[in-house]
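Here is a short briefing on one structure. Have a look at the model, then work through the points below.

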Amino acid sequence: MHELIFRNDYGRTPEGRAALKSLIGDIFGLDITPLDRLGHNPDVIAFGWWQGDRLIANVSLFRRVLWLCGQRTEAFGVQSVAVRPEFRRRGLFFDLMTRALAFADERVGLVILMTDSPALYARFGFRPLQEHACIATPDPVPGLRDARALSLADDADLRLVVDLFRRRAPTSLRASATDHPALFLLKAFTDGTIELVHLQHLETVVALKRPAAAPVVLLDVLSPAPPPLQDIAAALGIAGSTFELRMTADLIAPDATPLAPVHRGHMVRGPFPAESSPFMLSTMHI
Ligand SMILES: CC(C)(COP(=O)(O)OP(=O)(O)OC[C@H]1O[C@@H](n2cnc3c(N)ncnc32)[C@H](O)[C@@H]1OP(=O)(O)O)[C@@H](O)C(=O)NCCC(=O)NCCS
């Protein structure tokens, strides 16, 4: 049996990505092969314990850009936290998390993650965020109905979305993110209930769900100038409909009514000034 070796040089190499794909597939049952076509985030720093050429345990950081109370804020996200079952309860996760946070602390003031297991991260100083979706029924306005469903399986549609990501403005200055598109694209590609719709004359793509007999759920808005919700509704051909906005609504629907706070899995470590008033970060990521 080979001894375990620590490495942090594989986050963006083909060999490292193949090992991460295998670990994530084995532990979470998630196939990240589509990223080979959708585009990997080049800003992943992976920390791992290896046995020969097999990745045993991993914690990855990736660069994030958040907008919080008007400030552009560089942060790190945490992803791909996994230890192979036969190597658990030896402190490998604790070791990797400690190394990753030391790396992050030298560079940024904020680390953010999404988890179903908050107890795992509390000992590292992470605290759960309470977030508010909101509801709005914008007044119907006349507008050009001009909505085209996009398919990420189509190369031209994929290019369109990636180009808008490059040019997008924040959906909220109070609390939103303008990250690399990799995790958004993977989420949209793997969740068949999410629609991506191009509103051409608004130079906008919206991510949404349309549950039966419930408000339209607006998940994200990609645009160099995010339009008001009533213009989005008109372009979708559903003016006068009610929307649940899973994002901070200060720019696109300032009169929206916040719903009761919920914990959606986001945890932060470091100052997060938006906590003082209702906000919601997009969950358009795996
Ligand atoms: C969670 C996981 C990474 C822990 O790896 P590990 O190397 O066994 O962890 P460590 O040995 O460093 O530490 C284990 C500690 O975490 C605690 N722990 C493990 N899983 C936990 C969970 N789901 N919730 C809360 N605490 C947990 C253990 O009680 C232990 O605490 P102790 O040191 O006080 O005994 C591993 O079990 C795993 O890969 N699980 C499946 C994937 C997963 O859940 N990833 C996190 C998704 S956000």
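A residue counts as buried if 20 or more other C-beta atoms lie within 10 Å of its own, as exposed if 12 or fewer do, and as partly exposed in between. Keep in mind that this is a predicted model.

**Positive phi angles**

- Most residues other than glycine have a negative phi.
- Cys-69 is not a glycine, yet its phi is positive, at about 50°.
- Cys-69 sits in the loop between β3 (54-68) and β4 (71-83).
- Is Cys-69 buried, exposed or partly exposed? Cys-69 has 15 other C-beta atoms within 10 Å, so it is partly exposed.
- Ser-80 is not a glycine either, and its phi is positive at about 55°.
- Ser-80 belongs to strand β4.
- Ser-80 has 24 C-beta neighbours inside 10 Å, so it counts as buried.

**Helix α3**

- Helix α3 covers residues 92-105, which makes 14 residues.
- At 1.5 Å a residue, helix α3 should span 20 Å.
- Which residues of α3 are buried? They are Leu-92, Leu-96, Ala-100, Leu-101 and Ala-104.
- Seen down the axis of α3, these buried residues fall within an arc of 150°, so they line one face of the helix.
- What covers the buried residues of α3? The cover includes β2 (44-51), β3, β4 and β5 (111-114).

Key
Residues numbered from 1 in each chain as written. Predicted model: local features only at pLDDT ≥ 70, side-chain atom pairs only at ≥ 80, totals over all residues. Helix = DSSP H or I, 4+ residues; strand = E, 2+ residues; numbered from the N terminus. Expected span 1.5 Å × (residues − 1). Arc of directions from axis to C-beta. Contact = placed C-beta atoms within 7 Å.
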